[in-house]
Amino acid sequence: MNPVFMSLLLFFSLSLFIGTMADRYWLLRAGEFSFRHDRVADRLRSLLGVGFGQKRLLYEKGAGWMHVGIFAGFLVVSLRTVTLLGRGFDTGYNLPFMDGPLGLFYALLKDTFAVLVIVAILYGIWRRLVIRPARLHLSLEAVLILLWIAILMVTDLVGDAAGLRLDPHHRERGWAWASTALSPLFAGSTESAAGVWVQAMFWSHCVLVLAFLNFLPFGKHFHVLTGLPAVYLRRMTPSAALEKMDFEGKEVFGVGKLEDFSWHRFLDMYTCTECGRCNDQCPANVTGKPLAPREIITNERDEAYRLASHLIQVGKWKAEGRDELAAAAIADCERPALIGEVNDVEAIWACTTCGWCVSHCPVVIDHIPNIIDQRRYLTMMEAKVPSVLQNALKGLENNSNPWNVSAAAREDWIGDLEVPRLRDKGSSEYLLFVGCAGSFDDRNSDVTRAFCRLLNKAGVDYAVLGTEEGCCGDPTRRVGNEYLFQMQAQQNIAAFQKYSVKKIITACPHGFNMILNEYPDFGLEGVEVVHHTELLAELVADGRLKLKAAAQAKVTFHDSCYLGRHNDIYEAPRKVLGSIEGIQQVELDRSRREGFCCGAGGGRMFMEEDLGTRINHERINEVAGTGAAEVCTACPFCLTMLGDAIKETDRQEQLQARDLAEILLENLAD
Ligand code: SF4
Ligand code: SF4
């Protein structure tokens, strides 16, 4: 076509692009560096499923499928784009193997996907301009990008259609079915007019595609380039497992400035598509708190771009190991406070760590560690915790429980019930890890007693640690006191090791999550952790707990975030309820993976909720809407929150909240 022009075009556009990407790279290196190179096979699986397979979008008809269509089309058509760039140098250029049958098949595929992309884009524009889903901002950039992609498809199809006028017997005629269908448009054209069309479409396509490439790093469509690397480099640990903090040699604990983040957080910022899926059912956002997970990411990203020249320099110094220069530049850089100005302090404390955001983000952005790192800074560096939380923290420090009840009272719940202690028994098949709520909270110690009665009835060999047990550390860690949490974890692990514990049961999903997913970072090995719903399901299935028919009742199950979304246990409690004759299970609209938080996770159980409406009220209204007479829980925090909501909304007459163990105990055959 025109090798000189194509060379110049490629030289200038690629130079510009490489320069921009280098800046983005150095900016990212301003963060703390660590490379995730473990579990390569799992990473590749995730890249195939979540990245190329767009798994998280397939859940969602409409917008999700539209995105999948555009993404797939983009991948298919990009081969064509490479071919066209090559034809700038040699008119007959083709990619290897494309001169044979594979080329014909590709022509068919390419035209099909080009049309699919155009249809998906028309739907996308209509959705943004006419339907206007609440979670989306009306963004000119988004509409411009959609039009840009559509024009790329059109230039390709029209260029090929004009080409068929010049070469009516081209071997791709028919295979490239959309271009063939458009070719009659040029039937009356002279050869020279058709030639002008071919040239115009060719150069428009090449210029637009290279301009598009250069535009991407400046907006939310940067995810087109960063999405797949971000998915590959994602955190592979369970969603609720926080990263272990190393105190050795550190002066800053947590994140108080952008440069304290790991570089993965910068990659998250680059990758956010601003789709708003994370905001959609964020309990804090839905109930009017100042927290919107999307805005946490985009506020930080906007601030990073505002400080780009500083961060790029810091990134270069850190990469060269010139840490003193970097530290001096960081200290001298005047900027708005990350916590307080870039992010609202109330937003940082409003998170319940429910995991809605991280599990629904199509590009696996990790909001929870981002937020917790800022809490760590507030708690450990600045000692700025909400005043109501201070008593809980004092209790955790002095008595290893957030109720601040004397540690000596940890086994008072046992009373005259027959519950073996490990210190007497020496060993048992299971350790029952009771947890703070099950030990100190009146309503939840009823649940612990009910569960022990079931264990006794089924003849399970178990024992408790009693006063040798301490808080699992969930609230401590989630409100940012990592130092205290690590001590709590180590004390519990030492107690487990003292009695060579091999299996642990707990009725608390928070304790379950800590012991299963977080304690291994502190040396716990070879211990099976079972939630009480799983054990109860097993005991019922094995006939070790025999049931009688219950009075007819409509019951709904509320999924605890730490049991369901974070640990994927959805069926066990439903199976137990399903095995009680007379109970009619009804599902909440928001259930299983879509379950809605009770409002107590992330240490929120011990904070006031004085902004917006109450999360537990939102949930109990939904429960009441099912017509159920009872809401079954499998988490002490959920039980407290829903029980309180029933009282506060005056529903004691028609609704009650009970743990699965209590319902089961009531329906045991004699
Ligand atoms: S974890 Fe839950 S509460 Fe926290 S930001 Fe995400 S969706 Fe909101
Ligand atoms: S963080 Fe994820 S879910 Fe939230 S707006 Fe960005 S891409 Fe969408």
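**Group meeting: a walk through a predicted model**

In the protein chain, 80% of the contacts with a separation of 6 or more are between residues 24 or more positions apart. Two residues are in contact if their C-beta atoms, placed from the backbone, lie within 7 Å. This is a predicted model: local features need pLDDT of at least 70, side-chain atom pairs count only at pLDDT 80 or more, and totals for chains, interfaces and linings use all residues. Residues are numbered from 1 along each chain as its sequence is written, while chains are lettered from A and ligands numbered from 1 in the order in which they are written.

First, the overall picture. The protein chain has 670 residues, and buried ones make up 46% of them. Buried is the term for a residue with 20 or more other C-beta atoms within 10 Å of its own; exposed is 12 or fewer, and partly exposed is in between, with C-beta atoms placed from the backbone. Along the principal axes, the C-alpha atoms fill a box of roughly 100 × 65 × 45 Å. The secondary structure comes to 30 helices and eight strands. Helices (H or I, at least four residues) and strands (E, at least two) are DSSP runs, numbered from the N terminus.

Next, the cores. A nonpolar core here is a set of buried Ala, Val, Leu, Ile, Met, Phe, Trp, Tyr and Cys residues joined through C-beta atoms within 7 Å. The largest one has 143 residues, and those with the most contacts inside it are Leu431, Ile515, Leu536, Leu642 and Ala661. Helix H29, residues 636-648, gives the most to this core, with seven residues. What does Leu536 touch, not counting residues up to four places away in sequence? Leu454, Val576, Leu660, Ala661 and Leu664. There is also a second, separate core of 35 residues, which includes Ala63, Tyr106, Val117 and Val158. As background, nonpolar side chains in soluble globular proteins tend to be buried together.

Now the strands. Two strands pair if DSSP finds at least two bridges between them. Strand E1 (residues 430-432) and strand E3 (residues 503-506) pair in the parallel sense over two bridges, and Leu432 stands opposite Ile505 in E3. E3 is also joined to strand E4 (residues 528-531) by four bridges, and these two run parallel. Ile504 has Val529 in E4 as its bridge partner. From E3 the chain crosses through helix H25 (residues 509-518) to E4, a right-handed β-α-β crossover. Right-handed means that, with the strands pointing away from the viewer, the path from the first strand over the helix to the second runs clockwise. Lys503 stands opposite Glu528 in E4. E4 has a covered face, made of Val529 and His531, and an uncovered one, made of Glu528 and Val530.

Why is Ala550 called partly exposed? Because 16 other C-beta atoms lie within 10 Å. Leaving aside neighbours within four places in sequence, Ala550 is in contact with Ile580, Glu581, Gly582, Ile583 and Asn667. The C-alpha atoms of Ala550 and Glu581 are separated by 5.9 Å, although the two are 31 residues apart along the chain.

E5 pairs with strand E6 (residues 583-586) in the parallel sense over four bridges, with Lys554 opposite Gln584 in E6. E5, helix H27 (residues 571-578) and E6 make a right-handed β-α-β unit. E5 is also joined to strand E7 (residues 630-633) by three bridges, again running parallel, and Val555 stands opposite Glu630 in E7.

Last, the two ligand sites. A residue is near a molecule or strand if its C-beta atom, placed from the backbone, lies within 6 Å of it. Which of the 14 residues around ligand 1 come nearest? They are Cys282, Cys351, Cys354, Trp356 and Cys357. Helices H12 (283-286), H17 (356-360) and H18 (367-381) each supply at least two residues of that shell. The shell around ligand 1 divides into 10 nonpolar, four polar and no charged residues. Ala, Val, Leu, Ile, Met, Phe, Trp, Tyr, Cys and Pro count as nonpolar, Asp, Glu, Lys and Arg as charged, and the others, Gly among them, as polar.

Around ligand 2 there are 14 residues, of which Cys272, Cys275, Cys278, Arg294 and Cys361 come nearest. Helix H13 (293-306) and helix H11 (277-280) each supply at least two residues, and H13 gives the most, with three. This shell divides into nine nonpolar, two polar and three charged residues.
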